[in-house]
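I set out to record the aromatic contacts of this model. The entries below follow the order in which I looked them up.

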Amino acid sequence: MKTLVSVFAGSPRDYAFEPLFAGKSAFDRVIEWINDLSSQDDLHLHQAVVFTTGEYIERIEAISKNCLVPVQVCSGDFSSVAAFIAALESVRGDCDTIIHGRYSCPFYDPALTTELYQFHHRYAAEYTFAEGWPEGLAPVVVNGSTVPILKSLSETRDFGSVGRDVFFDIIRSDINSFEVETLMAPEDMRQYRLDFSCHSKEGQLSCLCIHQTLLAQDGPHRQAFSANNLAAKAVFTPGVLRTVPAFYNVQISATCPGTCTYCPYPRAYQQLFNHLPAEAPKKNEVCFMRLEQFRPLVASMAELSGEAVVSLSLWGEALAHPDFLGFVSAVLEYPGLSVLIETDGSLVTAELSRQVKALADSAVPRSNQHPPVMWIVSLDSQNQAMYERMRGRGTQEWPLSFARAQEAYQILNKDFPGASYAQFVRTKTNEEQLEDFYRSRKDSGGLIIQKYDSFLCFMPDQQVTDLSPVLRNPCWHLRRDMVILVDGGVPVCREFLLAGDCGNVFSQPLKEIWEKGRNMPFMEKCESCDEYYTFNF
């Protein structure tokens, strides 16, 4: 028997090569993990192979010299699933078992890897993975003889780029033809969505924080970094749960028709400014965020987060902004950022869609695993009568209609396939149309069914059913979102509407404002909120 360790670094980032872990990088620790495996005779470790790009081959080769088993470094374009599987098949030789991991995971557990390997062979599986632990603590195991089958399948259609589940992405296309086994964790941690890989700034900070925490609490002992101990400590470590914003929800326009029955914005805006949002261009000097204010703000977002999604649609209709295309362009200047636009569709035209598509097509590829531009069109109904009950007719100067919103979605879905979504906010009013909405659209494009939000009881109760978990977990929105109003004010979260109590991004550093929430405040108002278990990105 021979075992091969495969390490994928096909699209590496500098995050994994920074010496943050007692002078060692994430990839240094991956090599140490391979060395630990090589000392276990029952694993029959024969060699290792690393797949990388020409840009990083020298770094990979230099660090790989510390490996106790022979390491072959393969350089090329392995970004597609088909290319990677073909390369793996060409180098696996007579190895009958492959342990596969990522170059950016500093906490692979040798003991858990051995358990996974033994589990794989005990049940004569073709593919075995661990479930319930945070990502980045366990590799996957695949039969060597299964690789040529996967290679053939990968050539039948486009499986996209290589992700962390590269083998299963192919296997699930013909799932009944494979013997798949799952090793379950003693406690299911999936609800926390933790990923201990240094493939992003968010992941790197999580890894650094848990490393420092475990060293301080348990010392540099191998058992301290076991998968079970690490996972148990991570879910109670604020610095792991809250790293940097992953979602910036920005209001670039204060104006909209203001007739949606389930939206708190028109009422909150009128209470604050004594006129309706539709009148904002004439009556509010701060109706639109200025592009010259937004450009340095976006630069700060990219510096703070590395990778994130920037929504231009916190409140108001973003497309009403006279410099809307400039805002999209400003975000796309940064490869780690993507744009999200939520719209009622009233201002969508084929020409506007083409202009945004041109900006997206000319932008460099995103490094955040999201499309450059994403759209959400609010429909909330299946016909005009229900649309009016949910969203109203708009105003005489700014009319709304179901037909117009539907047309807008079709225009956007044509230009942005896979990145356009029709949205249905589920309430007691439109619940009767939910099933028809879903069935008629589930195969024709993106679909979002969103729960109703009363905004801390500011709106009447229209929630159809309570979906909240039995145990209350730390709020996703306090952990991952930053909300920015048109005047630069930053509320605690979107639930606090137009109260920018945390600071102002136009007069204070973005990082300083974010750090104010480091202790994840739980306020009295939060008791009445059930948005804590929902998340954006």
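**Notebook: aromatic rings**

I began with F107, which counts as buried because its relative accessibility is 1%; buried means under 20% relative accessible area, exposed over 50%, and partly exposed in between (1.4 Å probe, protein chains only). The model is predicted, so I note that local features need pLDDT of at least 70 and side-chain atom pairs pLDDT 80 or more, whereas totals for chains, interfaces and linings use all residues. Residues are numbered from 1 along each chain as its sequence is written, and side-chain values use heavy atoms, with hydrogens and water left out.

I then looked up ring pairs (Phe, Tyr and the six-membered ring of Trp, centres within 6.5 Å; planes under 30 degrees apart are stacked, over 60 edge-to-face, the rest tilted). The count by this rule is 28 aromatic pairs. F107 and F196 form an edge-to-face pair, because their planes stand at 75 degrees, with the ring centres 6.3 Å apart. This pair links distant parts of the chain, 89 residues apart: F107 is in the loop between β4 (97-102) and α4 (110-122), and F196 is in the loop between β7 (180-184) and α7 (201-218). Helices (H or I, at least four residues) and strands (E, at least two) are DSSP runs, numbered from the N terminus. F196 also counts as buried, at 1% relative accessibility.

I next recorded Y532 and Y533, an edge-to-face pair with 5.4 Å centre to centre and 80 degrees between the planes. Both Y532 and Y533 are buried.

I finally noted a cluster in which ring pairs link F8, F51, F78, F84, Y127, F129, F167 and F168.
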